[in-house]
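Hi everyone, thanks for coming along. Let me put the sequence and the model up, and then we can walk through it together.

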Amino acid sequence: MVSTTRETSRLLVPHAPRRYEAVVDGLLELVEARGIRPGQALPTERELAELFGVSRNVLRQAFGVLEERGLLRTVQGSGRYLRETTEPRNDGLGARAAVEVASIADVLEARTLIEVRVAALACDRRTAEQAQTLAVLAGRLTSWEDNLAFHCAVAAATQNFVLERLVRQQAELAGELHQREHYRDPDELDLMRGEHQAIAAAIAARDGARAQELVQRHLEHARRVVFTSTDGTI
């Protein structure tokens with residue numbers, strides 16, 4: 001009985017922040033502080049481990065997070081490099097913002113390829129209850145979390161758990177890359193809320209062609225918002 005109680009108490013204790021998470025932020029701050037540009041190499045593992053006072057294992061965990069976000073690339077035997085960007089509209093941004101914008105663009109491209117088709121399947125397979133849920137979610141867009149809930153609900157209406165998981169993973173990645181910051185603008189929220197409502201209505205009507213067109217426009221709008229940011233905030 002004692003061992004069970006101890007085990008339960010351990011499960012109830014909140015996890016302390018993982019060290020590599022602080023290193024992730026520190027690495028991005030270092031990029032700005034040292035003026036490292038897209039395509040340039042980061043300092044060596046040894047230098048960074050000493051600078052942050054962490055083991056190489058912790059440092060590699062942080063590298064893994066940044067690679068998953070598409071911000072770094074590893075060249076075997078050479079080192080780690082800040083991702084290169086080819087988008088000319090990134091030139092006026094700081095290095096951190098430029099690589100984050102480039103990664104968001106990649107995510108949005110992938111989301112478009114998947115979510116346009118997801119919308120068509122949702123029209124075919126959604127239940128009456130799911131159509132009602134989409135209408136409710138579409139009308140209450142006030143935050144990034146509301147946006148995530150709507151897109152995941154569309155994917156759930158396909159009755160395909162893999163598609164739902166893919167949509168969630170990509171949308172969460174966009175949030176990690178600070179696309180969520182755009183959901184503080186009331187005007188943008190109003191526009192996106194209207195787009196969500198139109199998508200929900202098309203799915204309720206089982207109009208696959210219309211739903212696909214609306215999702216395509218919605219994600220193109222999101223891309224324009226990202227690339228027209230003038231203050232460097234992603």
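Let me start with a question: leaving aside its neighbours within four places in sequence, which residues is His221 in contact with? They are Glu188, Leu191, Met192 and Glu195, where contact means heavy atoms within 4.5 Å. With Glu188 there is also a polar contact, side chain to side chain, at 3.0 Å. By polar contact I mean a pair of N or O atoms within 3.5 Å; within protein, one must be able to donate a hydrogen and the other to accept it, and residues adjacent in sequence count only if both atoms are side-chain atoms.

A quick word on what you are looking at. This is a predicted model, so local features need pLDDT of at least 70 and side-chain atom pairs count only at pLDDT 80 or more, while totals for chains, interfaces and linings use all residues. Residues are numbered from 1 along each chain as its sequence is written, and side-chain values use heavy atoms, with hydrogens and water left out.

Back to His221. His221 sits in helix H10 and is buried, at a relative accessible area of 7%. Buried means under 20% relative accessible area, exposed over 50%, and partly exposed in between, with a 1.4 Å probe and protein chains only. Helix H10 covers residues 208-227 and reaches 29 Å from first C-alpha to last, close to the 28 Å expected at 1.5 Å a residue; that expected span is 1.5 Å times one less than the number of residues. Its buried residues, among them Leu214, His218 and Phe227, pack against H5, H7 and H9.

In H9 we also find Gln197. Gln197 is partly exposed, with a relative accessible area of 38%, and beyond four places in sequence it touches Ala138 and Gly139. The C-alpha atoms of Gln197 and Leu137 are 8.5 Å apart, although 60 residues separate them along the chain.

Now the overall layout. The chain has 10 helices and two strands, and the order reads α-α-α-α-β-β-α-α-α-α-α-α. Helices (H or I, at least four residues) and strands (E, at least two) are DSSP runs, numbered from the N terminus. Of the 234 residues, 45% count as buried.

What about the core? The largest nonpolar core has 58 residues, and those with the most contacts inside it are Leu27, Leu59, Leu82, Phe150 and Ile203. Helix H5, residues 95-125, gives the largest share, 13 residues. A nonpolar core here is a set of buried Ala, Val, Leu, Ile, Met, Phe, Trp, Tyr and Cys residues joined through side-chain atoms within 4.5 Å. Leu27 has contacts that include Leu42, Phe52, Leu59 and Phe63.

For the strands, have a look at Arg80 in S2, residues 79-82. Its side chain makes polar contacts with the side chains of Glu45, at 2.8 Å, and Thr74, at 3.4 Å.

Finally, how far does the predictor trust all this? The mean pLDDT, the predictor's confidence in each residue from 0 to 100, is 85 for the chain, and 84% of the residues score at least 70. Helix H6 is highest at a mean of 98, and helix H1 is lowest at 43. Residues 1-16 stay under 50, with zero contacts beyond four places in sequence. Residues 230-234 are also below 50, but that stretch has 13 contacts beyond near neighbours in sequence.

That's my tour, so over to you!
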